[in-house]
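This report looks at aromatic rings and how they pair. Have the sequence and the 3D structure at hand while reading.

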Amino acid sequence: MDLQLKPSIVNQQSLIKITGSKSETNRLLLLQALYPNLTLENTSNSDDSEVMAKALRASNLVDVHHAGTAMRFLTAFFAIQENSEVVLTGSSRMKERPIKILVEALQQLGAEITYEENDGFPPIRIKGKKLIQRKVSLPANVSSQYISALLLIAPKLENGIELTLEGEITSFPYIKMTLALLNEIGVKTAFVGNKISVENLSLIPYPLSLVVESDWSSASYFYSITALSKIGTEITLSSYKQNSLQGDSALVEIYKYFGVETVFENNTIVLRKAGNCQLSIVNCQLNSSPDIAQTIAVTCFGLGIGCHLTGLHTLKIKETDRLEALKMELTKLGAIVSVTNDSLTLEPSVAINENVAVKTYQDHRMAMAFAPLALKVPIVIEDAEVVSKSYPSFWEDLKSIGFAISELK
């Protein structure tokens, strides 16, 4: 499904309800599978979370499709399911995404995991068993999902876990999110220097219900829309916490550069376009929030300003190589862009090419990050249904705030 987005004007005031954070939901779904008396509210309705929930109940062959978080978390989960054996697989792109660092860490703990096709990549065969080793180490600059996968199963290990991170740690917020959720269900943890310890918790002794905060990554597209709208525009989003566990809540500070104020009111945030960007180039270090890099780059392009974004090394192994994908599509629109293995530089520009068809590369964030440009020029989003991976109602929500969207035959 390709969508035509025509130049639009956002309603002066809008209200959008965004479902629970995919990051929090997927962590809590795994914990719920380990501790059945845990109940959850406001969970994500994303494809990824639905895949995660279904896979946790599966046996034998488990296909996670494009869901990278599920692949990492389930690798650890099935490794401790005693007397089970599963083959964990995914899409053709998933079979190109490395899993070796996590597999080797689990093998340090005693896990039995082998590769079905190519060494270091899915599909993998996992024979679940009781893991009694406590100490494990892995590089600190890897995807935080490898680290979180180990931490999430740690309370069910007989001796817990003592995890040593080697080198410079680059994913503090997502690690802290995982530890905070463990603490919420009663697990004792410690994070001192480069060592993380998680103690055993055999069961939660009472029924426990947790409410999932709405997804800050999904909020990023409305920050971009607000930034590209006229002064005075307001968009209200629910449900958000001022002291969020999510790294992407960095949006609050970053979008001040673009004249967007954030006001917290009764579990909602009000985004208000208060002024225009006074900078010609914006510099952002995004080690802790790489998922908002695409949104920020497109916002800058839409405003005609440049940016230098760093800390993006994990984007090379996402649904697509997001840095190269950004470069390709922004260039088609008239931008001057350069990328390295961990950075993107966009030059200030004065014009946007119209009616460009943006390729999405099976990546939900490509579709959603480029959509706000319809506030400036007509644009086509190819394979627009990819948004269901994290935000199924995205296009309907855009229509509700004033976007003119039609399906191309």
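## A buried tryptophan

Trp-216 counts as buried, because its relative accessibility is 0%. Buried here means under 20% relative accessible area, exposed means over 50%, and partly exposed lies in between, with a 1.4 Å probe and protein chains only. The model is predicted: local features need pLDDT of at least 70, side-chain atom pairs count only at pLDDT 80 or more, and totals for chains, interfaces and linings use all residues. Residues are numbered from 1 along each chain as its sequence is written, and side-chain values use heavy atoms, leaving out hydrogens and water.

## Pairs of rings

Rings of Phe, Tyr and Trp (its six-membered ring) pair if their centres lie within 6.5 Å; planes under 30 degrees apart are stacked, over 60 edge-to-face, and the rest tilted. The count by this rule is ten aromatic pairs. One of them is the tilted pair of Trp-216 and Phe-264, at 6.4 Å centre to centre with 50 degrees between the planes. Trp-216 is in helix H7 (residues 216-227) and Phe-264 in strand E14 (residues 260-265), 48 residues apart. Helices (H or I, at least four residues) and strands (E, at least two) are DSSP runs, numbered from the N terminus. Phe-264 has 24% relative accessibility, so Phe-264 counts as partly exposed.

## A second pair and a cluster

Tyr-221 and Phe-394 form an edge-to-face pair, because their ring centres are 5.7 Å apart and their planes are at 75 degrees. Tyr-221 lies in helix H7 and Phe-394 in helix H12 (residues 394-400), so this pair ties together parts 173 residues apart in sequence. Tyr-221 is buried at 0% relative accessibility, and Phe-394 is buried at 0%.

One aromatic cluster is formed by Tyr-221, Phe-222, Tyr-391, Phe-394 and Trp-395.
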